[in-house]
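Subject: Structure handover and findings

Hello,

Here is the structure for you to look through. Please open it beside this email, and my notes follow below.

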Amino acid sequence: MEISWRGRITSRELNVLHAECFGGRIYADDEWDWAALCARHSLGWACAREGEELAGFANVLWDGAAHAWLQDVMVAPAARHGGLGARLVELARDRALEAGCEWLHVDFAPALAPFYLGACGFEPAHAGLMRLAP
């Protein structure tokens, strides 16, 4: 398994992986252009490949200074439960630190607490969420 920072990604493969990991339909590239959005808004991303296949991805958004946000951590079902997700988060954490960030934020569903709080080392924190669309 090869893990890289700001590695090659395509919108198509990320739309497929997102549907596998979060459910829902596979978006067309012109509906959800991951490659363009990541290039424009992300500090970077960690991606894992098994040969040519995208096996995992973790996006890091940031404010350009002290805060970074971990978003869209995804591991293909066939690659789960072997530590790949934690390795992606570790690379994302290291690169955010190298960029000068002081904080790495993440939000997650309660079922993922053992992964984020246990395997990845995050600390529990209070946060707020506001739904903007019905």
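How many disulfides does the structure hold? It holds zero disulfides, where a disulfide is a pair of cysteine sulfur atoms within 2.5 Å. Cys38 is in no disulfide, and the nearest cysteine sulfur, that of Cys47, is 9.7 Å away. Cys47 is in no disulfide either; the nearest cysteine sulfur to Cys47 is that of Cys38, 9.7 Å away. A disulfide is a covalent bond between the sulfur atoms of two cysteines.

Two notes on reading the numbers. This is a predicted model, so local features need pLDDT of at least 70 and side-chain atom pairs count only at pLDDT 80 or more, while totals for chains, interfaces and linings use all residues. Residues are numbered from 1 along each chain as its sequence is written, and side-chain values use heavy atoms, with hydrogens and water left out.

**Cysteines**

Are Cys38 and Cys47 buried or exposed? Cys38 counts as buried, at 2% relative accessibility. Cys47 is buried at 1%. Buried means under 20% relative accessible area, exposed means over 50%, and partly exposed lies in between (1.4 Å probe, protein chains only).

Cys101 sits in the loop between α3 and β5. Helices (H or I, at least four residues) and strands (E, at least two) are DSSP runs, numbered from the N terminus. Cys101 is buried, with a relative accessible area of 7%. Cys101 and Ala65 are 36 residues apart in sequence, yet 5.9 Å apart in space, C-alpha to C-alpha. Cys101 touches Leu43, Trp62, Ala65, Ala66, His67, Ala68 and Ala96, leaving out residues up to four places away in sequence. Touching is contact, meaning heavy atoms within 4.5 Å.

**Two asparagines**

Start with Asn15, in helix α1. Asn15 is buried, at a relative accessible area of 1%. Which partners does its side chain reach? The side chain of Asn15 reaches the backbone oxygen of Trp32 at 3.1 Å. A polar contact of 3.0 Å also joins the side chains of Asn15 and Trp34. A polar contact is a pair of N or O atoms within 3.5 Å; within protein, one must be able to donate a hydrogen and the other to accept it, and residues adjacent in sequence count only if both atoms are side-chain atoms. Not counting residues up to four places away in sequence, Asn15 touches Ile26, Tyr27, Ala28, Asp29, Trp32 and Trp34.

Next is Asn59, in strand β3 (residues 53–62). Asn59 is buried, with a relative accessible area of 5%. The side chains of Asn59 and Ser42 are joined by a polar contact of 2.7 Å. Beyond four places in sequence, Asn59 touches residues including Cys38, Trp45, Trp69 and Asp72.

**Positive phi**

Asp72 has a positive phi of about 55°, although it is not a glycine. Asp72 lies in strand β4 and counts as buried at 17% relative accessibility. For His81, phi is near 70°, again a positive value in a residue other than glycine. His81 is in the loop between β4 and α3. His81 is exposed, with a relative accessible area of 83%.

**Pockets**

What is the volume of the largest pocket? About 900 Å³. On a 1 Å grid over the protein atoms alone, a pocket is an open set of points where a 1.4 Å probe fits, with protein on both sides within 12 Å along at least five of seven lines; lining residues have an atom within 4 Å of a point. Grid points are joined across faces, edges and corners, and a volume is the space filled by probe spheres set on the points.

The largest pocket is lined by 30 residues, and Leu104, His105, Val106, Phe122 and Glu123 lie nearest its centre. The largest share of this lining, seven residues, comes from α3. The lining divides into 19 nonpolar, five polar and six charged residues. Ala, Val, Leu, Ile, Met, Phe, Trp, Tyr, Cys and Pro count as nonpolar, Asp, Glu, Lys and Arg as charged, and the others, Gly among them, as polar.

The second largest pocket has a volume of about 640 Å³. Its lining has 24 residues, with Val73, Met74, Leu112, Phe115 and Tyr116 nearest the centre. Here β4 gives the largest share, six residues.

Best wishes
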